Amino acid sequence: MATASPPPPEDRPDSRPVHPTTEEFEQVQESAEFGELRRSYRSFAFPLTIAFISWYLLYVLLSNYAGGFMGTRLFGNINVALVLGLAQFLTTFLIAWFYSRHAAAKLDPKAEAIKSRMEAGA
C-alpha cells in the first residue's frame, strides 16, 4: 500500500516514538502509583455498574411481573412504565457525564503522569 508521505529518516533517533519494553510495562503495572490508578477507577466504575444493572433489572422485572403497577397512570397518558423507561435513558447519560468528570479530575492526571514517564524512559 502506497502512502502520500515518505517514512521519517532513520538517522534521526529522536523522531521515533519510544517503545517501552515488556519489563518496563510489568514494573509500572506492579508500582504503587498504577495500583492507585486502578483502585480509583474500580472504586468508581464497579459500584455504579452494579447500581445501574440493578436499576435496569428492577425495571425489567417490574415490567414483567407488576403490570398493574407499571400501567398506573400518573397524568394524561403518561404511566409509571413510561416514566421509569425514560429514567433509564436519563441515568445512562448522568452516569456517562459523571464518569467523564471523574476521569478528567482523578484518572487522567495519574495516567498521563505514568505515560509521560514511560515515554521518557524514566
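This is a predicted model: local features need pLDDT of at least 70, side-chain atom pairs count only at pLDDT 80 or more; totals for chains, interfaces and linings use all residues.

**Entry 1: confidence.** The mean pLDDT of the protein chain is 87, and 86% of its residues reach 70 or more. Next I asked which helix has the lowest confidence and which the highest. Helix H1, residues 22-30, is lowest with a mean of 87, while H2 is highest at 95.

**Entry 2: the overall layout.** I looked up the elements and found four helices and two strands in the protein chain. Read from the N terminus, their order is α-α-α-β-β-α. Then I checked burial: 16% of the 122 residues of the protein chain count as buried. I also looked at contacts between residues at least 6 apart in sequence, and 60% of these join residues at least 24 apart.

**Entry 3: helix H2.** How many residues does H2 have, and what distance does it reach? Helix H2 covers residues 32-65, which is 34 residues. From its first C-alpha to its last it reaches 48 Å, close to the 50 Å expected at 1.5 Å a residue. I noted its buried residues too: Gly35, Leu37, Ser40, Phe44, Ala45 and Tyr59. What covers them includes helix H3 (67-70) and helix H4 (80-120).

**Entry 4: H2 against H4.** I wanted to know how these two helices pack. The angle between H2 and H4 is about 170°, and their axes are 10 Å apart. An angle over 145 degrees counts as roughly antiparallel, so H2 is roughly antiparallel to H4. Sorted by class, the contact of H2 with H4 has 20 nonpolar, six polar and four charged residues.

- His102 lies in helix H4. Is His102 buried or exposed? Its relative accessibility is 14%, so His102 counts as buried. Leaving aside neighbours within four places in sequence, His102 is in contact with Ser40, Phe44 and Leu107. Ser40 and Phe44 were already in my notes as buried residues of H2.
- Gln88 is also in helix H4. With a relative accessible area of 8%, Gln88 is buried. Not counting residues up to four places away in sequence, Gln88 touches Phe52, Trp55, Tyr56 and Tyr59. Tyr59 is one of the buried residues of H2.
- Leu48 sits in helix H2. At 23% relative accessibility, Leu48 counts as partly exposed, because buried means under 20%. Leaving aside neighbours within four places in sequence, Leu48 is in contact with Ile95 and Phe98. Leu48 and Ile95 are 47 residues apart along the chain, yet their C-alpha atoms are separated by 7.7 Å.

**Entry 5: a loop residue.** Where does Gly71 lie? I found Gly71 in the loop between H3 and strand E1 (73-75). Gly71 has 40% relative accessibility, so it counts as partly exposed. I also looked up its distance to Leu82, eleven residues away along the chain: the two C-alpha atoms are separated by 8.8 Å.

Definitions and conventions:
Residues are numbered from 1 along each chain as its sequence is written. Side-chain values use heavy atoms; hydrogens and water are left out. The expected span of a helix is 1.5 Å times one less than its number of residues. Buried means under 20% relative accessible area, exposed over 50%, partly exposed in between (1.4 Å probe, protein chains only). Contact means heavy atoms within 4.5 Å. pLDDT is the predictor's confidence in each residue, from 0 to 100. Axes are lines fitted to C-alpha atoms, for helices over the stretch in contact, and angles run from 0 to 180 degrees between N-to-C directions. Angles under 35 degrees count as roughly parallel, over 145 as roughly antiparallel, 65 to 115 as roughly perpendicular and the rest as oblique. Ala, Val, Leu, Ile, Met, Phe, Trp, Tyr, Cys and Pro count as nonpolar, Asp, Glu, Lys and Arg as charged, and the others, Gly among them, as polar.
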